[in-house]
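Hi,

Here is the structure I promised to pass on.

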Amino acid sequence: MFYCYSSKVTYLKAVILAGGFATRLRPLSCSRPKTLFPIVNKPLLQWIFEELANNDVKEVILAVNALTQFHIKQQKLPKCGLKIKYVIDPPKMPLGTAGPIKNAEKLVGHDEPFIVLNGDILTIINYKQLFNTHVNTDALATIALCKVDNPCRYGVVELEKDKRVKRFIEKPPEGQAPTNLINAGAYVLSPKVFDYIPKGKPCSIEREIFPLLTKEHKLFGHTFNDLWMDIGKPEEYLLTNKIILDGLALNKKIKTFKGAKVEMPIAIDKHVTVGKKTIVGPYVTLGRNVVLRDNVQIYNSIVFPDVEIGDNSIVNGAIIGEGAIIGKNVRVNNGCIISDQVKIRDNVNLTEDFAICPAKEVSETILKRNIIC
Ligand code: GDD
Ligand code: MG
């Protein structure tokens, strides 16, 4: 039996799940939700809004916790013509990846299928095609699927010939994924799915709801080949910036700084100062108000707004949080994560993969991989 929703939905709604704890991006995520991490100087959530608006979505329901809501409201993101609403997980009870969808039931309504999206992925999906796959089958849920080299840290899907999901396995053990086709974290759901999710308690769409729908042959997949990036881990976050910089580099004119050298691709936000003999790039993004003093070298790195880096310092392959102050003659090596408002004193050498929690101060060279909290 087919459900009689039209593929020409006039008022498309999307629920964005963004209330997770981003443990793999700690300590940088201690002071900012993952969905607000800048990708080439634009918060991820803004990229998501733009993509949804381009796909004729009219209303977005952000499913978050109270703290994430606070951070998002503070950012005052451009709404891209979207109506923005919130549903909030109860205090001290994260609802997982299905509970917040149930929480949004009243706002979504029962008239038409709707989109659900993980708030930590950057992707170009043709949502209209995803929607058409959904309404042209007897699916209750249709998952956007993409191929990756290492599927084990995702939801892995095996499909029948008619796009029906044969098996959905969330994060199978290493080497045991039956395919490399993964859940891209974007779905179209029919309102009937609300009946499968318990109200007011934690529930996982991947571990509880999708297996149920698979058993009932109501879960479908829609494969796509366009850009898809998960920013869940620091190296993935750096890579996402790199890929976007490559995409933007061709047609973007970059400001030059007198006496400094710029290696493309890079992105520079407003009010950035770059000193003499400083080398910036390739693959660097500098946020608003960043100051790089003289003879600094910075490569393959993301620098959040209001950071200052002192004379003769070298930063390579690192993420530097908002308002951090790096002294003179400092070395910040590959994989380092410097959180917001951290202070690194002059002459300090930070070993590879060193991470430091917000607002801490480092005054001695660190030679062991470590996390300072
Ligand atoms: N409101 C709310 N409450 N949102 C939550 C909660 C919660 O308790 N827990 C997680 N989320 C949000 C996260 O903020 C994120 O945007 C999304 O739900 C997915 O959670 P993650 O914790 O990022 O899951 P994952 O990356 O391990 O796996 C998921 O995404 C993969 C694709 O990136 C799964 O959906 C996989 O199957 C999928 O392949
Ligand atoms: Mg994720």
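The shell around ligand 1 splits into 11 nonpolar, 8 polar and 8 charged residues (Ala, Val, Leu, Ile, Met, Phe, Trp, Tyr, Cys and Pro count as nonpolar, Asp, Glu, Lys and Arg as charged, and the others, Gly among them, as polar). Before you dig in: this is a predicted model, with local features needing pLDDT of at least 70 and side-chain atom pairs pLDDT 80 or more, while totals for chains, interfaces and linings use all residues. Residues are numbered from 1 along each chain as its sequence is written, chains are lettered from A and ligands numbered from 1 in written order, and side-chain values use heavy atoms, without hydrogens and water.

Back to the ligand. There are 27 residues around ligand 1, and Leu17, Asp89, Glu170, Asn183 and Glu206 come nearest (a residue is near if one of its heavy atoms lies within 4 Å). S4, S11 and S13 each supply at least two residues of that shell (strands are DSSP E runs of at least two residues, helices H or I runs of at least four, numbered from the N terminus).

Now the polar contacts (pairs of N or O atoms within 3.5 Å). Oxygen atoms of ligand 1 lie 2.9 Å from a polar backbone atom of Gly20 and 2.8 Å from one of Gly96. Asn118 uses a polar side-chain atom, 3.0 Å from a ligand oxygen. Alone, ligand 1 exposes 740 Å², and the protein buries 90% of that (Shrake-Rupley, 1.4 Å probe).

Where does ligand 1 sit? The space taken by ligand 1 is the largest pocket (more than half of its atoms lie within 2 Å of the grid points). A pocket here is an open set of points on a 1 Å grid over the protein atoms alone, where a 1.4 Å probe fits, with protein on both sides within 12 Å along at least five of seven lines; lining residues have an atom within 4 Å of a point. Its volume is about 800 Å³, taken as the space filled by probe spheres set on the points. The lining has 35 residues, with Gly20, Lys34, Thr97, Asn118 and Asp120 nearest the centre. S11 gives the most, 3 residues.

Tyr283, in the loop between S17 and S18, has a positive phi near 60°.

Cheers

Definitions and conventions
A polar contact is a pair of N or O atoms within 3.5 Å; within protein, one must be able to donate a hydrogen and the other to accept it, and residues adjacent in sequence count only if both atoms are side-chain atoms.
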